[in-house]
Amino acid sequence: MTHPKLVLVLFLIIAVTHSRKYTLNLFKDAETRKVQCNDGTPSGYYTNLNPDSNQYIFYLIGGGLCVDYESCTKRASKLISSNPWPRSVDDYPGIMSTNPDSGNFSSWNKIFVIYCTSDLYSGLNDPHPPLDYYFHGSNIVPAVMEDLHDLFQNATDVLFCGGSAGGIGVFMNWDVVQQQLSHVPNLKMVSDAGWFLSTVVPYSKDVEPLPEMIERGYKLWNGQVPVDCKNYDHFDPHNCYFGPIAYSFLKNRQNVLIQKAQTDTWVMNYNHIKTPPSPDEMTWLYYLADQVRYSYDLVQVDNVFSANCMYHTSIVSLWDTVIVNNVTLRSAVEDWYFALGSDYKLFDTCPTPMCNLSCMKENKKQKDNNIGANLIREISLYEHDVFAINKN
């Protein structure tokens, strides 16, 4: 018979294992370092540290963007200020979870950057009337690495990743991450739902083409895009925010994985596509998915996971749900990172939107009743609103 004290010790060990909390770290000297949220409050990041691990996930959360006075002043408070963010949370879902059941990344140190600059992690601008907003996104990633410099010195593995706006942000910041973490033996990047196309013709003439919208944002933010892309003579720098173009200028592309839904719900919402789609809208979605698949070949993407599904971000919210060629997203990322390396391609070739049966599965983990999961759900809703207008 097991001794009662041993049972109690085992229970406490399990409880501690499952209760690693995320703690909010607001930047000190935020004004001097130019790492402020839109409203001037200090930006920051959550950490969930495991002293027994030298492995790190560095995640940039998404949440839309703003490109002018109207879209910026309609932003939800959580996306322009650090004030609404809780000082600690129990856990996050998916790849950011500390629950051992979530996979091989569960024991890693986790860094979760809050997004309150509305500039795709690329801006470098102070307030200019009539818009009293700061755009300091380009300084956020370097500031996190500066704060955590001593921890990163002993890192053996770092996975730099982000979703939606954060999925674009990793493109914007991959060069600086590689420079500052060049000593890390295994440094890789995942862009989750950050692969947008400049070439897709909008569904309706009433929809502003994405390149025009992004150009307005680039000018408002004083966008800082990767130098090699910015200095390229054949297009304007605002094009560097688009996946195939940004990818073309990346160094060490074999260490980059692209995750993209072929019928991305953000793109659908931006084009005012309803669900269920009308016949004309469905025809346009066929075209969209085809363009996404074509873009992978066009720039010779090394590693990709892409379901023909209607969703947006996934490595946090749909980690165990989406399946391509009988492989879940979780298994795909783990296989790519730990074993298979370059030339890892899993994408649907069926032309019909939602032809992948895993698209229809309900992600039960999103029903977890904890603050981290709720925050992820809220941010996902904001992402789908394109400009993330206030829900209140």
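**Close-up views of a predicted model**

**View 1. The second largest pocket.** The second largest pocket holds about 280 Å³ of space; a pocket is an open set of points on a 1 Å grid over the protein atoms alone, with protein on both sides within 12 Å along at least five of seven lines. Of the 16 residues that line it, Met172, Asp175, Val225, Pro226 and Val227 are the closest to its centre; lining residues have an atom within 4 Å of a point. The model is predicted: local features need pLDDT of at least 70, side-chain atom pairs count only at pLDDT 80 or more, and totals for chains, interfaces and linings use all residues. Residues are numbered from 1 along each chain as its sequence is written, and side-chain values use heavy atoms, with hydrogens and water left out.

**View 2. Helix 6 in the pocket lining.** Helix 6 supplies five residues, the most of any contributor to the lining of the second largest pocket. Helices are DSSP runs (H or I, at least four residues) and strands are runs of E (at least two), numbered from the N terminus.

**View 3. Strand 3 and its neighbours.** Strand 3 (residues 55-60) is largely enclosed by the rest of the structure, because five of its six residues are buried (under 20% relative accessible area, 1.4 Å probe, protein chains only). Six bridges join strand 3 to strand 6 (residues 157-163), and the two run parallel; strands pair if DSSP finds at least two bridges between them. Leu60 has Gly162 as its bridge partner in strand 6, and stands opposite Val113 in strand 5.

Key
On a 1 Å grid over the protein atoms alone, a cavity is a set of points where a 1.4 Å probe fits but cannot get out, and a pocket is an open set with protein on both sides within 12 Å along at least five of seven lines; lining residues have an atom within 4 Å of a point. Grid points are joined across faces, edges and corners, and a volume is the space filled by probe spheres set on the points. Buried means under 20% relative accessible area, exposed over 50%, partly exposed in between (1.4 Å probe, protein chains only).
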